[in-house]
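My entries follow in the order in which I made them.

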Amino acid sequence: MKIQFTSRRSPAGCRIVLAGLLALGIAISQPAEGRAAEDSWPMLARDAARSGGTTAEIRPPFSRKWYRLFSDEGLMAGVQPVVADECVFVGTLTGVLYAIDADSGRDRWTFRAGGAVLHTCAAGGGLVFFGSADGKIYAVRIADGGLAWTVPTGAAVWNAPAIHAGTVFVGGRDGRLYAIRAADGSVLWTAATGGPLLCSPAVDAAAGRVYVGGEDMHVYALAMDDGRQVWRSDKLPGVSMRGYHPVIAPDGAVLVTVTPAASLDCIAQILLDMVKEIFGDFSSWRHTQDENARWRTSNFELLKNPDTHGRQLAYLRRRLQQEPGLQTLFVLDAATGKQRFTAPIVYSESMNGTAAPAVVAPDGRVIVKYQALLRSRYEHYSPFLNVGYLDTATGEITPIMDQSRTYGWHDSLLLVHDEQSQLSVAGRILLNTHQDNVNALDLDTLQGYPEPFCRNVHEPQPGEAVAIWSRVLRGEPLPAGKEWLARGTAVYGGGSVIDVPVSVAGDSFYFIPTHEMNAGAAVVAYRMDAGGRAHQAGQPLSETLIDDQWQAVQRRPWDWDSLAMPRLDHVPKALPGAVPGTRQQPLAEEAARAVARISDADLDPFLWEAARVRGTGNASGAPLREALSSGVSELIRQAWRPLVFPAGKHPEEAYRFFSDPTETLLTLARAYPHLEPGLQGEVLRFVAAWAAADGPLAGPTGRRALAGDAGEIRSAYDVPERLLRVVDDFGRSEVARLYPLWLWARTSGDWSKLERDWPQLRPLADHSPNTIDEDCRNGYVAGLIAYGRIAHRLRDQEAVQHGLAAARRAMRERLAYEFAHTRGGVITRVPVGRSVFGRWRHLTPEVGRLLQVHAEATHRHLMAVYVDYHRPTWWLSWNVELMVRNETPFSFPTMSAEIFDARALILREPQKQLATYLDLPWCRADLFYLQKLVACLEADDETVWEDVRD
């Protein structure tokens, strides 16, 4: 569903236009009387230097001139509308680039690429350029939307092009920066870096340089003319530069933003320590009213001394020098790539992304967000967060706001420490795009505007999300400020994970409202209008669904699992009823009847038949086998620590992955048949060493977790574990661990460990199952299947019969869940504040076959809705968070592994299809990536199900 509302006031009234399933045009604003000098915003942050500023000045009031909803397509987090040639360009997650008339909001044309558009496009010279998830860089003619040229790269492109002097610069996730002649698509040069490029390049035309940050956490300075490396910065602290871009200061300094590994609480402590040392304390919720009055008087007296501000910055600078892992902004010297100084800036936001790139005002002054205790923001919800002018020569920061008064809620730019927001400059107006509204400050008068330039929904009132859909389904326009679709009811691209500022062109600005509970699928255009009311808060909508609308909702591909989560459950609560087959209304009786029809004879083949893959020798598998061999060699030839995944705001835990030693054993067991004999021998010796008395696999089922401080670091980034609250990802239960142990014994022919440990393993058949939300007990079912096979191998008939009964009971319970949840129950909640594709976690070929035989149609439906529709970029490594895990920036690597296994083991997708989802390893010695390679190799091979009793 694509919804378009456009028009202008006229005596003729409103014109309605169909676009896609539904598109409407409604007259809401007068045409502009004239255009400002600069009527374009042609690329991310407006120019190749990524200034984020324009001389075009906009002032309130405003009226909405049009809006577009992309409910069935979605917009990737971080996409900024581009304005050029009187068109607004935006690409969607279905791979459609839209050229929208900037005045009317109607499509001029659309162009479909071969994959999702993951970032902002760029326009110039009659062409619009963008990268796609299909690995290509595209150029499309602005005049008619026709394809001009494409350039292939080695991986999905998640980058915003920069254009300068007829050259297009684009970073590739293959680790190369591409310089392309805009006119004809000729590749002028490519430059290799040390990691995927998820940071968009910036150009310093005067110096003849292009700068880009890599996921190896180095910044690269390259010559514009031939791509030679001028310098590579030292490795920066932090975990990623994804979604950010360098900013070129007027003096040539390169300002770089990174995402830190540490969570908000860790970084906030620095501010509290600073206050304790310099002020003693400050007015806050921690004190009584009288105590706060005393602290306010004391603090304001200190703040009269200009040195107090400098002392705060000096303290922060010293603490950041002591703990570089907490730095988020770096100012690099253009000549050397070295830090000019330690910027006294800590963690500006924490909603998901953690910082805001600097902006350069038209007067050449660099504006940053930073934290210090100042009168201007005293007793605000976020009392430390301020804006200031950064001197890029010295590192000093001058507050922008008037320090003779304390600003209010909106006139302080609505800077909020725990929610993403981004700056841009329009003439002498500083704008802050804060998720669902746009606030501003006059840089001349230092007066903030008492009301936002525009508003949107932060979190809706009860029933309001459904009322919005009631209007959408009726084909009626939404009131200004209500262009909001709940996450789970429309395609979600990451929301506020990577917020972007508004784009300003002429007398208008273009806004994508976001929030972690908002699908972020709207583009809203506003124009200066003397009678405008965009600043006014609208009344909550209260319509309810009538019967035909309720039927339409039940037919729509909504994510009922996410909608059952806290902060989204207001949506189903406002509906006329529950949808059968979801977790809200499981088909319990139907499921019981279906399970009752399944006999032991129906289940026993899944117990006794194991897969044996016979290779076809297909030439297409050669690169996969080569990659698998290389990955296995990397894994076994040195010791590795578990992967430490960065923390967010909430949950604040940093997770360790690949800490379960049986995950490594399972990976090697699956890979073993596809390896050359020499490498097989190395694998045998590796596993034998692990199974020794002091090894990770010592004991009946091995250690619970690998040591976190022994071996090489898997990640490209450095891990400041002392700053983190690290927990291990939940792994397999004791019963579930039997499956990797059995598979290794069967694959390698070495049963000695199981023979030795069987007396301790034998009682496991009586263990209670794990909680169903962890993995729908897939691991438990697989473990009991393995139990029976081990018992048979060891000729323990009593255990065989006991295990058979337990396995049959577990399979029936597993199938009952399948039959009861035909439209949901695929995403489950697990500690801490996290959700997973539990229904597809810990799948094995046997469990996959069980689900394919009995519920394939259900899983195809679930895949189509919960993955292909709602999460079309699920397969990207280091993706934005697409699960309901609240305020964190990255998807866990488990999500793509769970979905990949379901496609391979339940849906049996062919190699050609699976290979498109391989993408890049998340880290070195990536176990999930090796398992994906095996699944691809085996997809087109012949699978024979052999009875293990023969």
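**Entry 1: V360**

V360 lies in strand 24, residues 359-360; helices (H or I, at least four residues) and strands (E, at least two) are DSSP runs, numbered from the N terminus. Leaving out residues up to four places away in sequence, I listed S51, G53, V247, I248, P250, R365 and V366 as touching V360, where contact means heavy atoms within 4.5 Å. I also noted that T54 is 306 residues from V360 in sequence, while their C-alpha atoms are 9.2 Å apart in space.

**Entry 2: Confidence and conventions**

This is a predicted model, in which local features need pLDDT of at least 70 and side-chain atom pairs count only at pLDDT 80 or more, whereas totals for chains, interfaces and linings use all residues. Residues are numbered from 1 along each chain as its sequence is written, and side-chain values use heavy atoms, with hydrogens and water left out. The chain averages a pLDDT (the predictor's confidence in each residue, from 0 to 100) of 93, and 95% of the residues score at least 70. Over residues 7-37 the pLDDT is below 50, and I noted that this stretch has 80 contacts in the model beyond near neighbours in sequence. Where pLDDT is low, the predicted coordinates should not be read in detail.

**Entry 3: Helices 10 and 12**

I then took helix 10 (residues 661-671) and helix 12 (residues 738-748), which pack at an angle of about 30 degrees with their axes 9 Å apart; the axes are lines fitted to C-alpha atoms over the stretch in contact, and angles run from 0 to 180 degrees between N-to-C directions. Helix 10 is therefore roughly parallel to helix 12, since angles under 35 degrees count as roughly parallel, over 145 as roughly antiparallel, 65 to 115 as roughly perpendicular and the rest as oblique. On the helix 10 side I recorded T662, L665, L666, L668, A669 and R670, and on the helix 12 side Y739, P740, L741, L743, W744 and T747.

**Entry 4: Helices 8 and 17**

Last, I checked helix 8 (residues 600-608) against helix 17 (residues 845-869), whose axes come within 9 Å and cross at roughly 150 degrees, which means that helix 8 is roughly antiparallel to helix 17. Helix 8 contributes L603, P605 and F606 to the contact, and helix 17 contributes E846, R849, L850, V853 and H854.
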